[in-house]
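Here is a colleague's note for someone opening this entry for the first time. Please keep the sequence and the model in view while reading.

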Protein chains: 2
Amino acid sequence: MPRQIDHEARRHLIADAVCALADEHGFEGVTLRDVAARAGVSMGAVQRCFRTKEEMLRFALDHVGRRVLARIRTGGDGSDGGDGSGGDGAAETLARAAVETALLRGEQRAEARVWLAFVAQAAVSPPLAAVLREAYTGLTDMLARLVAAAGGADPVREAQTLLALADGLTTHVLVGHLTPAAARAALEAHLARLTAVRAPGGRGGLG
Amino acid sequence: MPRQIDHEARRHLIADAVCALADEHGFEGVTLRDVAARAGVSMGAVQRCFRTKEEMLRFALDHVGRRVLARIRTGGDGSDGGDGSGGDGAAETLARAAVETALLRGEQRAEARVWLAFVAQAAVSPPLAAVLREAYTGLTDMLARLVAAAGGADPVREAQTLLALADGLTTHVLVGHLTPAAARAALEAHLARLTAVRAPGGRGGLG
DNA sequence: GGGCTTCCGATACAGTTGCATCGAAATAAC
DNA sequence: GTTATTTCGATGCAACTGTATCGGAAGCCC
C-alpha cells in the first residue's frame, strides 16, 4: 500500500482516536503512542500524517467542530423522540439547535468532554484558540439567524448568550454539578423566555 | 526553621504558584519542579506539603474556589467604579455578584484561566470534580438567594442558569471569541430580563 | 524483473516527569 | 554541649514524552 495512501481518511481516523483518548483521560492523556495504538496504526504513520503533535490536535479539534456543527445544522440525529413533524416553527428549530449545541444527549458526553478539553487547552494555545474561534463564530452565526427567525430581539447578542449558556451547562453536567435533565430544563426555560418576548400569547413586557 | 514550620501558609504559597503556572501554560505546564521554583521553595518542601501531585492540585483548586467565592460574597473588591453606596437594591447586588462570578474584570483573567484549566481536568478526574462540585454548589446557593431576593421566580434554576451563563461567557472571553465588553453586555441583558419579569418598575413584591 | 519512489514500522534519543531516597542543617529539650 | 527530631535541598531513578532516523516492504515505470 505504499505510494499515495488516502491521507485524508487516515487523518480522520487518527482524529477520532484523539477524541476517544481525550474523552477518557483528558487532554494530558493524549500521547502519540496511545493515539497510534488506538487508531490501529503505528507511530510512524501518525508522524507521516501530521508533522507535529500540535498539528494533529488542531486537526482533531477542527474535526470535532465540523461534526458538531453539521449535526446541529441538521437538527440532530432524530433520536430525540420527536414526532418528526417537519412543519415546526422557528422557535422549535432554535430549541432543537440549542439542545444540540449543549451536547446534552447521553451519547454526546464524549464529544462534550473532548470539546471541553480542547477549550481549556485553547485558553493557553493561540493556534488552537484560532480554530476554536472559527467554530464558535460559525455557531453564533447560525444561532443568530435562528433567533432572528424566531422573532427575538438583538439576535447576535442573544446568540452569543445562548451559546455561552449552552457551553456552561454542558460543562456543569460534565463535572456532575447538574443533571442532564436540570441543564435541559434551564436551557428550555431560557429559550421560552427568549421567544416569549415577541411571540403572541406571551406577555410582551419588554420595557 | 525546622521543627514545625507553618505548613498551612506554605501550602497557600504553593497553591498560588500552581495558579500562576496554570495561568501561563495551562494545566499541562504545572510540574512539581516548576511549582517549587515559582514558589521559591525546593522540590523537597513541596513534596513534604503534599504527598502527591494530585493532592496539591486539589488543594489549589479549593484555594481558588474559596478565594473567588469570598470575593463574590463581598461584592467585589470595589474597583468596579461603584460609588460604594450600600443601599442598593437586591437586583444590583445580584448583578454585581454575577459579574464577579464571570471573572470578567481584566485582573481576573488569570483566575479565569486557572479555573478553566481545573474544570477541564475535573471532567476526567473524579477527585477534582468533587472539589469543583462543592464550589459550584456554594455559588449556586448564594446566587439562588440573591435571585430570590431580587424577586425572580424559580431561584434555584435561575441561579443554575446564571452560573452556567457566567462560566460560558468567561470561557468565550478567554478563547477570544467574545470581548469582555460583549460578555458583560450579554450578562447584563440576561440579568435585566431576569429581574424585569417580576419587577417592572422597581422592586416588585414577591408573589 | 530492475530501478525508483513512497510509505511504514521500529527503534534511538534527549529531555522531562513524578516520586523515592538520603545526608545535612537547624531547632528544642535536656 | 549533646541529642533527638524535624525539615530541607539535592540527587537518583524508572517511566514516559515528542521527534528524528533508518532499514525494509510495497507499489509504479521501464
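The points below take up the interface between the chains and then the salt bridges.

1. This is a predicted model, in which local features need pLDDT of at least 70 and side-chain atom pairs count only at pLDDT 80 or more, whereas totals for chains, interfaces and linings use all residues. Residues are numbered from 1 along each chain as its sequence is written, chains are lettered from A in the order in which they are written, and side-chain values use heavy atoms, with hydrogens and water left out.

2. On the interface, 45 residues of chain B are in contact with 44 residues of chain A, contact meaning heavy atoms within 4.5 Å. The two chains bury about 3500 Å² between them, 67% of it on carbon and sulfur atoms; buried area is the accessible area (1.4 Å probe) that two parts lose on being put together, summed over both. In chain B, the residues that lose the most area to chain A are B:E28, B:V175 and B:R193, together 18% of what that side buries.

3. Between chain B and chain A the count is 10 residue pairs in polar contact, both at pLDDT 80 or more (a pair of N or O atoms within 3.5 Å; within protein, one must be able to donate a hydrogen and the other to accept it, and residues adjacent in sequence count only if both atoms are side-chain atoms). To the side of chain B that touches chain A, α8(B) gives the most, with 12 residues (helices are DSSP runs of H or I, at least four residues, numbered from the N terminus).

4. The count of salt bridges between chain B and chain A is 2, a salt bridge being a side-chain nitrogen of Lys or Arg within 4 Å of a carboxyl oxygen of Asp or Glu. A:R193 and B:E158 meet in a salt bridge through their side chains, at 3.1 Å from N to O. Over all chains, a search of the whole structure finds 28 salt bridges.

5. Within chain B, B:R58 and B:E54 form a salt bridge whose closest N and O atoms are 3.4 Å apart. These residues are 4 apart in helix α4 (residues 53–73) of chain B, and so are separated by about one helical turn. B:R58 is partly exposed at 30% relative accessibility, and B:E54 is also partly exposed, at 30% (buried means under 20% relative accessible area, exposed over 50%, partly exposed in between, with a 1.4 Å probe and protein chains only).

6. B:R105 and B:E100 meet in a salt bridge at 3.0 Å, N to O, and both residues are buried. In chain A, a network of salt bridges links A:D16, A:R67, A:R71, A:E100, A:R105, A:E107 and A:E111.

Note on methods: Helix = DSSP H or I, 4+ residues; strand = E, 2+ residues; numbered from the N terminus.
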